[in-house]
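Open the model in a viewer and keep the selection tool at hand. The tour below goes from stop to stop, saying what to select and what is found there.

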Amino acid sequence: MEERVYNFSAGPSQMPLEVLEKARDEFLCYLGAGCSVMEMSHRSASFDEIIDGAEETLRKIMRIPEDYAVLFMQGGATTQFSMVPMNLAAQGDTFAYIQTGQFATKAKEEGDRWGNAVFAGSSKDANYSYIPETADIPPGAKFLHITGNNTIYGTSFPELPAHGDVPLVADWSSAILGRWIEVKDYDLIYAGAQKNMGPAGLAVVIMKKKLLERDVDPVVPIMLRYKVAADNRSMYNTPPTFSIYMAKLMFEWVQGKGGVEAMEKTNREKAAMLYDFIDSSEIYTNPVRKKDRSIMNVTFTLPTEEDTKGFIALCKERGIINIKGHRSVGGCRASIYNGMPMEGVKKLIDTMKEFELRR
Ligand SMILES: *Cc1c(COP(=O)(O)O)cnc(C)c1O
């Protein structure tokens, strides 16, 4: 393919052209370093500036309080499924999850290996088409884990569940920087980078520094300890330097566009336009309870399997890719993160209209 298309993938997802262009311009020779970011030492002054700059900009755009640590971790969001219980609880302890989809289920599966992981709520009975309103947290639970935005099912927590004094942990992989997240409402937030923050493999963790004081079980591998990451400025070993650099460019782009609040405003407009069209159409249906709809991942189905195939084929002709739903749910899904401009969503709606008319 010679031309860039509109990529509605759930992740890795479309990035803003300005960010890619800046990376291209600095690719061979990063600002006075005489080499590419990929070739530079992670102990160099240039990389210090990059990682410090990334953290500083992220702190600004999310208004992260001083008593929270920001960590750049490896292994994607999935590694956090195991790091959270291993660092926040002792073996055999009880902790809780709200089951709102596949990622929440996978998170609990890792919890099962460490302690008494329980579901404090679930919408599995309705194929995850809504968010449970309350959490039934067992006494003594060490944390409650939620998946803030459910990438596969297109749902999002409209408000946080009541959790008393139980620490709240959230996987915000698919909505971080796409909507406002009030950091102080959480004890720990994590997110894989490939939806709204850059290349896959990197994960960002934002956690109360107080949690770092906890004595972690000696069996926990050194690389999987938050304190080790925090004490070594996320550089206990060689960090994913290029990914951190790309994340920095993404943070600066968000900042330059008016911050997370401005992102959220545009994202809400994009999502409203798409949902309004779906709701008014004769052939497209969104199965999610309205108040729980995600503004980042918009799922929709067509009447038959043949329609779905035909629509996906038309999209391809129109320069729209990765519109197919997750393999576990079928149908279609449009992921409309920060990197997807309004024109992309308009083009999608035009294509949906075209298919409806010619059907
Ligand atoms: C994509 C995603 C993950 C998995 O991220 P990896 O980087 O592939 O480990 C986890 N949780 C949510 C909510 C996601 O959207």
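A polar contact here is a pair of N or O atoms within 3.5 Å; within protein, one must be able to donate a hydrogen and the other to accept it, and residues adjacent in sequence count only if both atoms are side-chain atoms. The model is predicted, so local features need pLDDT of at least 70 and side-chain atom pairs count only at pLDDT 80 or more, while totals for chains, interfaces and linings use all residues. Residues are numbered from 1 along each chain as its sequence is written, and side-chain values use heavy atoms, with hydrogens and water left out.

**Stop 1: Asn149**

Select Asn149 and Ser294: their side chains are joined by a polar contact of 2.7 Å. Asn149 belongs to strand β6, residues 149-150. Helices (H or I, at least four residues) and strands (E, at least two) are DSSP runs, numbered from the N terminus. Asn149 counts as buried because its relative accessibility is 2%; buried means under 20% relative accessible area, exposed over 50%, and partly exposed in between (1.4 Å probe, protein chains only).

Now display what surrounds Asn149. Not counting residues up to four places away in sequence, Asn149 touches Thr155, Ser156, Asp171, Trp172, Ser174, Ala175, Ser294, Met296 and Asn297. Contact means heavy atoms within 4.5 Å.

**Stop 2: Arg293**

Move to Arg293, in the loop between α7 (259-280) and β11 (297-300). Is Arg293 buried or exposed? Arg293 is buried, because its relative accessible area is 15%.

Which side chains does the side chain of Arg293 meet in polar contacts? One is that of Asp279, at 2.9 Å, and another is that of Asn286, at 3.1 Å. Beyond its neighbours within four places in sequence, Arg293 is in contact with Gly154, Ser156, Tyr275, Asp279, Asn286 and Val288. Ser156 is also on the contact list of Asn149.

**Stop 3: the ligand**

An N or O atom in the side chain of Thr78 is 2.5 Å from an oxygen atom of the ligand. Asp171 has a polar side-chain atom 2.6 Å from a nitrogen atom of the ligand. For Lys195, a polar side-chain atom lies 2.8 Å from an oxygen atom of the ligand. On its own the ligand has 390 Å² of accessible area, and the protein covers 86% of that; such areas come from the Shrake-Rupley method with a 1.4 Å probe, and for residues only the protein chains shown count as cover.

**Stop 4**

From Lys195, go to Ser13, whose side chain reaches the backbone oxygen of Lys195 at 2.7 Å. Ser13 sits in the loop between β1 and α1 and counts as buried because its relative accessibility is 12%. Leaving out residues up to four places away in sequence, Ser13 touches Asn7, Gln194, Lys195 and Tyr337.

Then select Pro12, found in the loop between β1 (6-7) and α1 (17-25). The peptide bond from Gly11 to Pro12 is cis, with omega near -5°.

**Stop 5: two positive phi angles**

Select Arg233, in the loop between α5 (226-231) and α6 (241-256). Arg233 is not a glycine, yet its phi is positive, about 50°. With 39% relative accessibility, Arg233 counts as partly exposed.

Finish at Asn322, in the loop between β12 (320-321) and β13 (332-335). Asn322 also has a positive phi, about 55°, and is not a glycine. Asn322 counts as partly exposed at 44% relative accessibility.
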